[in-house]
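Please read the following note alongside the sequence and the coordinates.

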Amino acid sequence: MTGEPTQDGESLPRWYVIQCKGGESFRASEHLDNQGYEVFHPVLEVQKRRRGKLAWVAEPLFPHYLFIRLDRMASNWRPIRSTRGVLRLVSFGNEPVFVQDALVETLRDRISADSRRDRANVYYRQGDIVEITDGPFRALQAVFEAQKGEERAIVLLNLLQQTQRLEVPVKALRKHSS
């Protein structure tokens, strides 16, 4: 599993996988980058509830893992293991596992496309069953229709055998657990 030799006998850089300590992939990525390594740490922006409000948060696509580009011959591998946040280089036996360049490029393209996309509401999607957690309609189930601004949502509520459109605060909604 050595790097692919070129015609003059040198090896080419390849992507390898690093396993990080729990919750420290951002730290490991930063420290490896500061040491001059080429690192790819794919992250996605997702909406999560924080203190009752929806907020955009960066989360790793692969929790506890990141990619590093190394040359078997020219790269200095020793500092990697002692880098803060790094647990180990993923290996089979004593051989580090490399990842095909095409896979990393595909991931980069997809992540880039996702980041260019308009950040539509991803916490609730049209048609989701939600529960109203506050106000006069508390504990009733509704169907999420759309987000109206950052803090308001339109839901469909079945009242008296008719569907009613209702505008409620987003923080007063919770995904219904089935």
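The numbered points below begin with the model as a whole and then turn to individual residues.

1. Basis of the model. This is a predicted model, in which local features need pLDDT of at least 70 and side-chain atom pairs count only at pLDDT 80 or more, while totals for chains, interfaces and linings use all residues. Residues are numbered from 1 along each chain as its sequence is written, and side-chain values use heavy atoms, with hydrogens and water left out.

2. Confidence. The average pLDDT (the predictor's confidence in each residue, from 0 to 100) is 84, and 88% of the residues score at least 70. Over residues 117–121 pLDDT stays under 50, and the model has six contacts (heavy atoms within 4.5 Å) for this stretch beyond four places in sequence. Where pLDDT is low, the predicted coordinates should not be read in detail.

3. Overall make-up. The protein has three helices and 14 strands; these are DSSP runs numbered from the N terminus, helices being H or I of at least four residues and strands E of at least two. Of the 178 residues, 30% are buried, where buried means under 20% relative accessible area, exposed over 50%, and partly exposed in between (1.4 Å probe, protein chains only). Among contacts with a separation of 6 or more, 57% are between residues 24 or more positions apart.

4. Nonpolar cores. A nonpolar core is here a set of buried Ala, Val, Leu, Ile, Met, Phe, Trp, Tyr and Cys residues joined through side-chain atoms within 4.5 Å. The largest has 14 residues, and those with the most contacts inside it are Ile18, Leu32, Tyr37, Leu66, Ile68, Leu70 and Ile80. At least two residues of this core come from each of β1 (14–20), α1 (25–34), β5 and β6 (86–89). Another core, of twelve residues, lies apart from it and includes Tyr124, Val130, Phe144 and Leu173. In soluble globular proteins, nonpolar side chains tend to be buried together.

5. Tyr37 and Ser25. Which residues does Tyr37 contact, leaving aside its neighbours within four places in sequence? Tyr37 is in contact with Leu32, Ile68, Leu70, Asn76, Pro79 and Ile80. Ser25, placed in helix α1, counts as buried because its relative accessible area is 4%. Not counting residues up to four places away in sequence, Ser25 touches Cys20, His41, Pro60 and Leu66.

6. Gly22 is in the loop between β1 and α1, and Gly22 counts as exposed because its relative accessibility is 58%. The C-alpha atoms of Gly22 and Pro63 are separated by 8.2 Å, although these residues are 41 residues apart along the chain. Leu61 is in the loop between β4 (53–60) and β5 (65–70); at 30% relative accessibility, Leu61 counts as partly exposed. Together with Phe62 and Tyr65, Leu61 forms a nonpolar patch on the surface, with about 230 Å² of accessible area in total. Patches are made of residues with over 30% relative accessible area and no salt bridge, like charges being joined within 9 Å and nonpolar side chains (Val, Leu, Ile, Met, Phe, Trp, Tyr) within 5 Å.

7. Salt bridges. The whole structure contains nine salt bridges, each a side-chain nitrogen of Lys or Arg within 4 Å of a carboxyl oxygen of Asp or Glu. In the bridge between Arg27 and Glu24, the closest N and O atoms are 3.6 Å apart. Arg27 is partly exposed at 34% relative accessibility, and Glu24 is partly exposed at 23%.

8. Bridges between distant parts of the chain. Arg69 and Asp101 meet in a salt bridge of 3.1 Å, N to O. This pair links strand β5, which holds Arg69, with helix α3 (residues 101–116), which holds Asp101, 32 residues apart. Glu38, Arg69 and Asp101 are linked in a network of salt bridges. A salt bridge also joins Lys148 and Glu167, at 2.9 Å from N to O. Here the residues are 19 residues apart, with Lys148 in strand β11 (residues 141–148) and Glu167 in strand β13 (residues 162–169). Lys148 counts as partly exposed because its relative accessibility is 42%, and Glu167 is partly exposed with a relative accessible area of 36%.

Key:
Accessible areas come from the Shrake-Rupley method with a 1.4 Å probe; for residues, only the protein chains shown count as cover.
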